Amino acid sequence: MRTYNIAILKGDGIGVEVSNQSLKVLDSISKKFNIDIQTQEYLVGGAALDECNSALPDSTLNGCKAADAVLFGAVGGPKWDKQIGGISNLNVKDKDSALSAYDTPESGLLGLRKSLQVYANIRPVFVFESLIEASTLKPNVIKDVDLVVVRELIGGAYFGKPSGIEVRNGERVGFNNMIYSESEIARIAHYAFKLSQKRRKKLCLVDKANVLDVSKLWRQVVTEIASQYTDVELSYQYVDNTSMQLIRNPRDFDVILTENIFGDILSDEASQLIGSIGLLPSASIGDSYALYEPIHGSAPDIAGKDIANPMACILSVAMMFEISFHEIEIAKSIRDSIDNMLNHGIRSRDLAIFGATKVIGCEEMGDLIAKMILEQ
Ligand code: IPM
Ligand code: MG
């Protein structure tokens, strides 16, 4: 019997609720496909801060490294927000000391990504036929949209040194360093080219090379690497233009390759093409580890109300089975069940007004998807 060990990091807010639904799905998969799935839960984010004074306890990191894959819910919430912009950050001059302190929920997530060296963040954006009306854009603009944002995840301004807030000439200055080495650019570029080869063979590098030196290096390195992938059509766009083109003609995009912050922003924008951020899964891949997480956050405003949309987290499980375990049939069965449910007009609350015959809560949706997988 095949065995998969999965570390479950539910985190905070709706991260807990949506992860719980994914556990139901894992249970169905194990029964239906006769697979031994071992799950082990670990604390992360605010929950870990409360319990162990660190948003990324050693036990969590070690557990993730020992697992075959990691499923992550979401972190953060107002309870811990006082740290952001609060006095605790004032003396932080160096990002490494910020990360080793793990004193905010988000630092736990960033530290985890960095420690696992998951540099390639894959964020697919695809339209569910039955949700075409859920977008704020016109149906003829979003019909057949199928793109992937490949976001560099462990470099750039999120991690560049020096960074901090300090007093200079009697006033506070805040600074971050958007820095990339050519090897950091090259490894994700190869990933993006290979992914493009499996898709429509169109790769768009998004940067700000008309202004930023670091972007000029991205262009040089990616252009050099392109000669190894002559079947892929490489284009270039400035990030401000991409933010416009994404809502003007999203069908034009196949694979978007970009650095950390640009990818963070563009992937949130892209999520609205398909109607709700609650639908978008992601995979974060490195040479040794892989982490799967919905792209939405912990949504404290709706946490604990059983109204969160578990689909992004469950679709992240589908990505895990496809990418980490090469279980294409299982990934398909998860996606088909969700598709089927949506085709029946069953919706989570974020999608409630669009062709809904029935609006159900997070728990009920988890039960339903798990049941549909079994009955397929
Ligand atoms: C994301 C999130 C994170 C990020 C936050 C929570 C640190 O916005 O995964 O997109 O900025 O990467
Ligand atoms: Mg984000």
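Mentor: Let us begin with helix H9, which supplies the largest share of the lining of the largest cavity, namely three residues. The model is a predicted one, in which local features need pLDDT of at least 70 and side-chain atom pairs count only at pLDDT 80 or more, while totals for chains, interfaces and linings use all residues. Residues are numbered from 1 along each chain as its sequence is written, chains are lettered from A and ligands numbered from 1 in the order in which they are written, and side-chain values use heavy atoms, without hydrogens and water.

A cavity is a set of points on a 1 Å grid over the protein atoms alone where a 1.4 Å probe fits but cannot get out; lining residues have an atom within 4 Å of a point. The structure holds one cavity of 30 Å³ or more. The space in the largest cavity comes to about 40 Å³ (the volume filled by probe spheres set on the points, which are joined across faces, edges and corners). Its lining is made of Met-178, Val-206, Asp-207, Val-214, Ser-215, Trp-218 and Glu-259. Two elements give two or more residues to this lining: strand E8 (202–207) and helix H9 (213–226). Both are DSSP runs numbered from the N terminus, helices (H or I) having at least four residues and strands (E) at least two.

Arg-219 also belongs to helix H9. Between Arg-219 and Asp-207 there are 12 residues in sequence and 8.1 Å in space, C-alpha to C-alpha. Leaving aside residues up to four places away in sequence, Arg-219 touches Leu-205, Asp-207, Ala-209, Tyr-236, Gln-237 and Tyr-238; contact means heavy atoms within 4.5 Å.

Strand E8 leads us to the sheet. Its 10 strands are arranged in the order E2-E1-E3-E12-E11-E4-E5-E10-E8-E9, forming an open sheet with mixed pairing (two strands pair if DSSP finds at least two bridges between them). Strand E2 (36–41) and strand E9 (233–238) are at the edges with a single partner strand each, so one side of each has no neighbour in the sheet. Strand E4 (residues 120–126) runs antiparallel to strand E11 (residues 281–285), and three bridges join the two. In this pairing, Asn-121 is opposite Ser-284 in E11.

The domain assignment, automatic or from a database, divides the chain into domain 1 (1–125 + 281–375) and domain 2 (135–147 + 178–273). A distance of 25 Å separates the C-alpha centres of domain 1 and domain 2. Nine residues from domain 1 and 13 residues from domain 2 take part in the contact.

The largest pocket contains about 690 Å³ of space; a pocket is an open set of points with protein on both sides within 12 Å along at least five of seven lines. It is lined by 25 residues, of which Ile-122, Leu-195, Arg-199, Glu-322 and Ile-323 are the closest to its centre. Two or more residues of the lining come from each of E4, strand E5 (146–152), helix H8 (182–198), H12 and helix H13 (328–343). H8 gives the most, with six residues. Both domains take part in the lining of the largest pocket, as domain 1 and domain 2 each give at least three residues.
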